[in-house]
Structure formats: C-alpha cells, structure tokens
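Trainee: I have a two-chain model open and would like to work through it with you, one question at a time.

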Number of protein chains: 2
Amino acid sequence: MSVDLVQEQSVTFESGVRLDSGRILAPVTLVYETYGTLNGERSNAILVEHAWTGDAHLAGKRHEADTRPGWWDAIVGPGRLFDTDRYFVICSNVIGSCFGSTGPTSINPRTGKRYNLSFPVITVRDMVRAQKMLIERLGIERLLTVMGGSMGGMQALEWATQYPDSIASALVLASTPRPSPQAISLNAVARWAIYNDPTWRKGEYKHNPKDGLALARGIGHITFLSDESMNSKFGRRFSAKDGLFDFFGQFEVERYLNYNGYNFVDRFDANSFLYLAKSLDLYDVAWGYESMLEAFSNVTAPIQFYAFSSDWLYPPYQTEEMVTCLEKLGKPVEYHLINSAYGHDAFLLEHETFAPFVRDFLSRVQN
Amino acid sequence: MSVDLVQEQSVTFESGVRLDSGRILAPVTLVYETYGTLNGERSNAILVEHAWTGDAHLAGKRHEADTRPGWWDAIVGPGRLFDTDRYFVICSNVIGSCFGSTGPTSINPRTGKRYNLSFPVITVRDMVRAQKMLIERLGIERLLTVMGGSMGGMQALEWATQYPDSIASALVLASTPRPSPQAISLNAVARWAIYNDPTWRKGEYKHNPKDGLALARGIGHITFLSDESMNSKFGRRFSAKDGLFDFFGQFEVERYLNYNGYNFVDRFDANSFLYLAKSLDLYDVAWGYESMLEAFSNVTAPIQFYAFSSDWLYPPYQTEEMVTCLEKLGKPVEYHLINSAYGHDAFLLEHETFAPFVRDFLSRVQN
C-alpha cells in the first residue's frame, strides 16, 4: 500500500558547497521527503536518487485531493519493495533543479535576482556533495543503500566512489560511467532548441520559452523510448483528424512528442533543464582519476547494476564496462540485464521484474 | 579517373504529373546530368538516385575551378564502378528539391509567386513518376539498373514495383520499406525546429530560416552517424577553446553538429527540406497494396540489397524484411550485410567494400 500523506521538508546550509568548478554555491537549500521511521541504530536509511527532471516527491500524496502519487510510488510503502515499516526512505531534489533546491531559478543573494545563467555549472558529484550534508544533518552516518536510475544511477555511483564509508550498498539502474558522444549529441540539439527560442533571451525570460523547451523535451522523449516500444505504441499510425497529404498532418508518434513536449513547459524550468543536461553530459565517474579502474578502487560497498536491453541512451555495454572493471578489482558486484522493450524508461516501468533481485540483494546487506 | 567537365541539363513537362495525393503538379521541370554515351541498343543506361539533400550533380566538375566533384564521383568515370566507357549514367534531381527541379521554391504559374507551402505534398512514388517521363524522353525503354541509397533506395524500390518492365535490375542500399516510428520521430523534431523559427513564417520567408534549419540538419547528422563512429571521430573531447565549466562550452561533437548545421543553410532550402522529410516519413513500399507481399509480387528484375551494420536510421532488419519477402515470392534477390561503423552514411563511404559485389551482379544482368 501507499504511504500516508507526505510533507515536503527542506534544509538550508548557509555556508554552501564548494563545487567541482572551484566556485562556491551558498547558501544551498535542499528540498526532500522522507517515508517510514529511522531506527534507533540509524541503520535502515535508504536514499533514492531522482533523474534529470525528477523531484523529491518520490511516493505518496501531498494532499487528499492529489490525483497522482509521487514519481516512484510503486516501490515505496508498507509491504512494498522499500517497505516503510522496515526502512527509512529519503528522496532529495538535486541542486540545479527547479523543485525547491537551489538552482538557476533561485534568488542569488548577491544580486537579489534570479541566478539564471549566473548560476554555476554543477556536476553530479556536486549534487551528491550537497546530499551528503543532508544525510549528515539527518544524523545518518551510513546509508543502508542508495538507489537511482539514469542520472540517479550516476549519483549512486558518486556515493560509491566518493563516500565509500557512507553507504553499505548501492543500486545503479540504466546508467553509465559517462554518456557517449551520441547521448551528448542528443542533449546538444535539445539545448540548441532552447537557445533558438527568442523568448529564452539568454536565460533572462519572464515566462518559460515554451516552443524551445517543448521541442527539447520532445527530443528527450525519443531517447527515453525505443524503436521497439514506439512500434508497439504508435506504429506508423497517422493522426485520425489529419489528412495524409496535409502539409501539417502528423503521425501519432509526432503528436505524442508534441503533446508531452508542451505539457513539460508547465512543470519544468528551461534554465534548470539546461544546467542538468550539462551535468549529465559532463558526467564521468573517472573525473579526476587516471582511469575508471582507479576511480573504482575506492569502492567498498557491494553494487547491484541493472541495464535494459532496448536502452539505447545508456546502452547495456556501458554498464557492463563498469561491472567488468569492478570484477577486475575483486569488488562485490552483481549485474542483471533485463530484457525489456521500454528503452531507457524501462528502469521506471520494470520494477516488478527487478524487485525480487533487489529484495535478495538487500537481504544480504549488513549495515 | 573522373569524368570530363559536365553540364547540367533540364527538361520540362508542361502537362506535369498527377500525384498520389490526387493533385496535378504542372509544369514539371527535372534537372539532370548524364555521363558516358547511350549505346545504339539503348541498353547501357544506369540511373543513380540521390538521397534527401542530394542533387543531380553526381560526378565530375562543372567548372575547371570547382574544388569538389559531384556527390558520388568515386563510383562514376572511366574505369570506375559505373564505367563511363561502358555505361550511360543518369542522375536526376527529384521533384520537391531545390536544385532546379520543380519544388516549393519554384514559381507557381497560377500565382506568379513561389509555391512555398502551396506546393503539394509529394511521395517518393511521385518522384519516380516524373523520372519515368525523363527516361522515356531520353529514348530509354529499359534501364540496365537503377541504384540508390536511403531515399535513393526507396526510389529504386519504386522502379522495381511500379515499373517492373522498365528496369533490368536494381540496387538498393541503406534503405527501408517504410521508416520506423523512431525514424519518423527524428524527422518530426527536425520539422519542429524549423516551425519554431520565427523567420520561417509558415514558409513565407525572404531568407532561409537559419537557426531552425541548422538545428534540423544537426538532428539529421546524429541519425546519419553512429554511436561507434561518433566515438572514434569525437569521443567525449571538449572544444579546446572552451572551459569545461563554461555554460556555453561545447563538446567537439556538439561543435561538429553546429558547424555542419549552419553550413547547410547556405545550400538547402527549408521548405524543400520539410517536403522531402515528409516524403521520407510517408514512404511505404506497400502503399496502395494489401501488403508488402502483394507490392513485391510485381517485381521481375533481380534486386541486390545492401544494409550496414551500424545504420540505426534504417537498420538492417528492415532491409532483411524485404529480402525475406522477395525470397518467399521466389524473386531473384541478393543481400549483403556490410559490417561498418559509419552508420547510415556508410552507403556513401563503403563503396570500395561493396563495389566487387555490384560488379559481379551487373555482369550477370541482361538488358
């Protein structure tokens, strides 16, 4: 069952964080939610990391009237995979985002205005640096596990390599040690779509630049799905109300991208989108090390990896590269390649497939 | 060696063509080039079909000062694959294009103004319908072969199914019986990029809408390359003159897309781009038939197919579907899967790999 009504919480660190770029971001506010109860030993905490456009609202409803629960409600709650009768589950909105944590839409204390493009470029490592402060503030020395898919998986990797003593295990889904140039390209054209929008005004907009942001999101959706899932969902069906020979006539898949693109404009900020796209593209687990091997030599916690057969954004071979590297180092690692047609999105949709493996993994983790 | 200086030719059909949409396009002008000499029996003619943004300038130079020869010069000329001492090679610019053949940039005789969006939506079948008139005008009853890659391959398929008596063979490279919804999506976001450009003005622009068209082409380039070729060409290298933490700092692959995108604006018309994108998306070899099987039952000429392992725009399985279907019908068909890292672009780059197979195939064709 679902958790009870939840409340958004927040914490502000006045002294901020020193970023990978060398700049200081201060103050830093993090918005987060928690579910379940921290036990006396403080050993039952699970941190769930969100992806690019996610937020801290992982599970449950905020108000009785809410029509939809949090973004990964299916795995959090009494009796669910992350059983809130046993675990204390935390989800924190990343810095750079637009859902309450400090990001380009926040007020820059030095100017009294929104940061916009004066916000510093941040890395996934910076996001985790801020989260580490939150976890400490919550009085937790060591997380039972940290789990995330896509950008969330990158954050879990950063916990495993940067704060090895602070986690007892990690779960990394549909992620990558570093996005390929093809993945970077697809973000690059999404960025370009926003830059092209004259209402973007180099980030100094009054209203979200809707045409550019919608297109950017449309491009994103292509990368989240797969050839296979598009085939079964839309095929080559043409919109029923359009003529095949109308210049503006649309295929169903085209309408879907359009519809979801414009919907996105109401819920996500264009500058945040750009900053987080940059964080994704810059991501490299081996950043600051000689090699991935050196980066992974820090790892102590067992890591369970999941890749999804039709994920062409962060294809399985990229996860397999990490698994091989960790095995070479003799680290405790487990890998499941899930056969799925859902593409990159599979990590959010295939939880029934992987839940038994996660349960088994957690039953063996000591904290 | 290369052919001598070539001259663009053109022919106009005043009565035009009746299009698949039911509309009449008249007059219809086709721009074309020829290389070599038509023999007395008129049996040595080869038609080479260009892709989306190609033109009639297949081989040789138009002026001594030209720095670059035609787009597929490597395979046309004395001693080359299409040996102009033996063959009479023709290349015709398709209708809908912007290189001299009738398209949206042409003057609509009824208004005295550019067609722009009053130009009718055209299909690949329509392109071939016009070409058939050109071939007749040249006094050729039956082509020795018709060859094309990508949209050129679709045209070759239309010759094989719509004019089976007019070809003695066909060569189809990196093509598809119908683009998948993923391929359609990628064209859809390219279209969207142009629609978003305020200077496009629903096709009534004075100057090519450069930001939108450049982005559209940038998206196209992603589909022409492969994860593999991007990896070896760019990797994750960052532009040397940009800082890693500059908001507008670019990866090399991003610069490449940008550079090639803006270059394209100088040579291709945005409305033509949109009309041809539409022709590609609408393409279905079985259009007007119950099935692909029924469409292919018309085929008499032997067809040689090529697919390229890393082509994710029109992946090998789509070519293989056609090969299987033709085999089921007992038609003469040959298939080569070429192992290549170059993605969709491979068909233009791997000619040395496939030339021996083409030579062998042609040596067995009787006209």
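Trainee: In β6(B), which residue is the bridge partner of Leu47(B)?

Mentor: This is a predicted model, in which local features need pLDDT of at least 70 and side-chain atom pairs count only at pLDDT 80 or more, while totals for chains, interfaces and linings use all residues. Residues are numbered from 1 along each chain as its sequence is written, chains are lettered from A and ligands numbered from 1 in the order written, and side-chain values use heavy atoms, leaving out hydrogens and water. Strand β5 (residues 45–49) and strand β6 (residues 88–92) of chain B pair in the parallel sense over four bridges, where strands are DSSP E runs of at least two residues, helices being H or I runs of at least four, numbered from the N terminus, and pairing requires at least two DSSP bridges. Within β6(B), the partner of Leu47(B) is Ile90(B).

Trainee: And in β9(B), what is the bridge partner of Val48(B)?

Mentor: β5(B) also pairs in the parallel sense, over four bridges, with strand β9 (residues 145–149) of chain B. There, Val48(B) has as its bridge partner Met147(B).

Trainee: How many residues of β5(B) are buried?

Mentor: Buried means under 20% relative accessible area, exposed over 50% and partly exposed in between, with a 1.4 Å probe and protein chains only. Ala45(B), Leu47(B) and Glu49(B) are buried on one side, and Ile46(B) and Val48(B) on the other. The number of buried residues in β5(B) is thus five of five.
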